[in-house]
Amino acid sequence: MKLVFATSNLNKLKEIQALVPDHIQLISLADIGCTEEIPENSPTIEGNAIEKANYVKKHYGYDCFADDTGLEVEALNGEPGVYSARYAGKEKDANANMDKLLNKLENINNRSAQFKTVIALVLNGKVETFTGICSGIITHEKKGEKGFGYDPIFRPKEHKETFAQLSLIEKNKISHRGRAIQQLISYLK
Ligand code: IMP
């Protein structure tokens with residue numbers, strides 16, 4: 001089965017390719033000639049995922065799935081949430097985003113946070129969504145070199161290390177995206 005995965009993020013493509021069974025062949029946006037930035041104007045993570053998947057179907061005619069992720073920090077009422085990528089500005093600089101978050105939490109004891117991924121699948125004229133959550137805490141400093149985004153400052157509750165200290169295989173087993181993808185895969189089977 002061929003499915004478009006509506007992302008231009010190579011990290012995510014790598015992560016998800018490692019998870020999908022062999023009979024599902026993922027096609028990238030580049031493969032279908034989609035090089036423009038897909039609009040993400042919704043105020044919610046779920047809304048953005050649906051908007052992206054619908055865009056590919058409408059403009060390119062392919063069934064596809066799209067994901068959207070946010071980091072929700074309890075003490076900040078869910079911030080940065082849907083704004084996670086551009087928290088410190090439109091440059092989408094991961095280090096600046098982490099610095100901003102660490103500063104905001106400087107004198108705050110409640111470090112609870114969760115990553116939330118919503119995958120929207122447009123298939124045979126229907127839209128389905130799958131949500132994956134990974135709970136943990138925001139550390140006081142950056143640790144680890146792996147991964148991307150907020151990985152160096154997020155410690156999932158299942159581990160003593162940050163996401164950036166875990167291998168991709170370990171991260172995928174418990175990550176928000178891994179959990180959402182597992183639901184997608186079960187649905188496709
Ligand atoms: P996106 O919707 O998947 O592009 O994610 C939005 C933003 O959330 C990214 O730019 C990252 O800053 C952050 N993010 C998403 N997934 C992860 C992850 O697995 N680890 C760390 N940060 C992530």
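**A helix residue, a ligand and some rings**

Author: Let us begin with Asn172, which is found in helix α4, made up of residues 168-174. Please keep in mind throughout that this is a predicted model.

Reader: Okay, is Asn172 buried or exposed?

Author: Asn172 has a relative accessible area of 7%, and because buried means under 20%, Asn172 is buried.

Reader: And which residues is Asn172 in contact with, leaving aside its neighbours within four places in sequence?

Author: With those neighbours left aside, Asn172 is in contact with Glu15, Ala18, Leu19 and Gly178.

Reader: Let's switch to the ligand. Which residues come nearest to the ligand?

Author: There are 13 residues around the ligand, and of these Lys12, Thr69, Asp151, Lys171 and Arg177 come nearest.

Reader: What does the ligand have 2.9 Å from the side chain of Lys171?

Author: An oxygen atom of the ligand lies 2.9 Å from an N or O atom in that side chain of Lys171. An oxygen atom of the ligand is also 2.9 Å from a polar backbone atom of Thr69, while a nitrogen atom of the ligand is 3.1 Å from a polar backbone atom of Tyr150.

Reader: How much of the ligand's accessible area does the protein cover?

Author: On its own the ligand has 470 Å² of accessible area, and the protein covers 87% of that.

Reader: Back to Lys171 for a second, which ring does it lie over?

Author: Lys171 lies over the face of Phe163, at 5.1 Å from the ring centre. In another such arrangement, the charged end of Lys100 sits over the ring of Tyr87, 4.4 Å from the centre of that ring.

Reader: Which aromatic cluster is Phe163 in?

Author: Phe163 forms one aromatic cluster together with Phe115 and Phe154.

Reader: How many aromatic pairs are there by the rule used here?

Author: The count comes to five aromatic pairs. In the pair of Phe115 and Phe154, the ring centres are 4.7 Å apart and the planes stand at 70°, so this pair is edge-to-face.

Reader: Where do Phe115 and Phe154 lie?

Author: Phe115 lies in strand β5, residues 112-123, and Phe154 lies in strand β7, residues 154-156, so the pair ties together parts that are 39 residues apart in sequence. Both Phe115 and Phe154 are buried.

Reader: New topic: what kind of peptide bond joins Glu79 and Pro80?

Author: The bond joining Glu79 and Pro80 is a cis peptide bond, with omega at about -5°, and Pro80 lies in strand β4.

Reader: What about the loop between β4 and α3, where is Val82?

Author: Val82 is found in that loop, between β4 (79-81) and α3 (94-104), and at 14% relative accessibility Val82 counts as buried. Val82 and Gly70 are twelve residues apart in sequence, yet their C-alpha atoms are 5.3 Å apart in space. Apart from neighbours within four places in sequence, the residues in contact with Val82 include Ser42, Pro43 and Asp68.

Reader: And what is the phi of Lys92?

Author: Lys92 has a positive phi of about 55°, although Lys92 is not a glycine. Lys92 lies in the loop between β4 and α3, and at 45% relative accessibility it counts as partly exposed.

Reader: Last one: where is Asn77, and what is its phi?

Author: Asn77 lies in the loop between β3 (64-73) and β4, and its phi is near 55°, a positive value in a residue other than glycine. At 77% relative accessibility, Asn77 counts as exposed.

How values were computed
Residues are numbered from 1 along each chain as its sequence is written. This is a predicted model: local features need pLDDT of at least 70, side-chain atom pairs count only at pLDDT 80 or more; totals for chains, interfaces and linings use all residues. Side-chain values use heavy atoms; hydrogens and water are left out. Helices (H or I, at least four residues) and strands (E, at least two) are DSSP runs, numbered from the N terminus. Buried means under 20% relative accessible area, exposed over 50%, partly exposed in between (1.4 Å probe, protein chains only). Contact means heavy atoms within 4.5 Å. Rings of Phe, Tyr and Trp (its six-membered ring) pair if their centres lie within 6.5 Å; planes under 30 degrees apart count as stacked, over 60 as edge-to-face and the rest as tilted. A charge sits over a ring if NZ of Lys or CZ of Arg is within 6 Å of the ring centre and within 35 degrees of the ring normal. A residue is near a molecule or strand if one of its heavy atoms lies within 4 Å of it. A polar contact is a pair of N or O atoms within 3.5 Å; within protein, one must be able to donate a hydrogen and the other to accept it, and residues adjacent in sequence count only if both atoms are side-chain atoms. Accessible areas come from the Shrake-Rupley method with a 1.4 Å probe; for residues, only the protein chains shown count as cover.
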